[in-house]
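Dear colleague,

Please find below the structure that I am handing over to you, followed by an account of what was found in it.

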Amino acid sequence: MLEPIIPLILFAIVATTTPGIATTLSTASGAQFGFRRSVPLLVGSAAGLATVTGAAAAGLAGLLLAVPSLQLAMKVVGSLYLVWLAIKIGRSGPPNLDVTMAGPNSFLGGAGIQWMNPKGWAMGLGAAASFAALASGPLQLALLLGATFGLAAAASLSLWCVAGMLLARLLKTEWQWRALNIVLALVLAASIIPMWRSA
């Protein structure tokens, strides 16, 4: 019963785990404020991504039903964006964890970050185009994607928050950060494969 949605779950895990605006903020918050004080930010960001992917799926699913050839175009555009993002991640150095913040961000701040985050919209649109066949209609697809991405984001952002507390102490050199970024970039690029197999 879970087999049809395993590619979606894997895609959501990889997409929400790769570095971006929300993961960087979660890492910085963990490094500066610890896990407990970062919880409102983490929950808000996960809820924000859930609503972004749900909204993208609800609107796009109806359009895909009317124009099925649009799904191929969305997959191409989504794949190109993810390749570009993987290259950008692979070429980046250490994150700037020394950003001075007065305090951890709020629930609304975390949600707002996702609504302005092009990566979140691209994930939602790409997942809606790639996994539309898993749902019988726009509302069901919106709920499926919203729940999947919201849960994946809650888990991954929590890990990045904890990583912020640890990585600031463990990774000392730029080449260590570059090696980590290259691995994450390769994993993100590999996540494109299930998108094309789910057609």
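Which helices each supply at least two residues of the nonpolar patch? They are helix H2 (21–66), helix H4 (107–115) and helix H6 (138–170); helices are DSSP runs of H or I with at least four residues, numbered from the N terminus.

Please note that this is a predicted model, in which local features need pLDDT of at least 70 and side-chain atom pairs count only at pLDDT 80 or more, while totals for chains, interfaces and linings use all residues. Residues are numbered from 1 along each chain as its sequence is written, and side-chain values use heavy atoms, with hydrogens and water left out.

The surface patch

The patch is formed by Phe 35, Val 39, Val 43, Phe 107, Leu 108, Val 162, Leu 166 and Leu 170, which together have about 700 Å² of accessible area. Such areas come from the Shrake-Rupley method with a 1.4 Å probe, and for residues only the protein chains shown count as cover. Patches are made of residues with over 30% relative accessible area and no salt bridge; nonpolar side chains (Val, Leu, Ile, Met, Phe, Trp, Tyr) are joined within 5 Å, and like charges within 9 Å. One member, Leu 108, lies in helix H4 and is exposed, with a relative accessible area of 67%. Here, exposed means over 50% relative accessible area, buried under 20%, and partly exposed in between (1.4 Å probe, protein chains only).

Leu 144 belongs to helix H6 and is partly exposed, at 21% relative accessibility. Leu 144 touches Leu 8 and Leu 134, leaving aside residues up to four places away in sequence; contact means heavy atoms within 4.5 Å. Between Leu 144 and Thr 53 there are 9.4 Å in space, C-alpha to C-alpha, although the two are 91 residues apart in sequence.

Thr 23, in helix H2, is buried, with a relative accessibility of 4%. With residues up to four places away in sequence again left aside, Thr 23 touches Thr 16, Thr 17, Thr 18, Leu 157 and Trp 160.

The salt bridge

The structure holds one salt bridge, defined as a side-chain nitrogen of Lys or Arg within 4 Å of a carboxyl oxygen of Asp or Glu. The side chains of Arg 178 and Glu 174 meet in it at 2.8 Å, N to O. Both residues lie in helix H7 (residues 174–190), four residues apart, or about one turn of the helix. Arg 178 is partly exposed at 31% relative accessibility, and Glu 174 is partly exposed at 43%.

Yours sincerely
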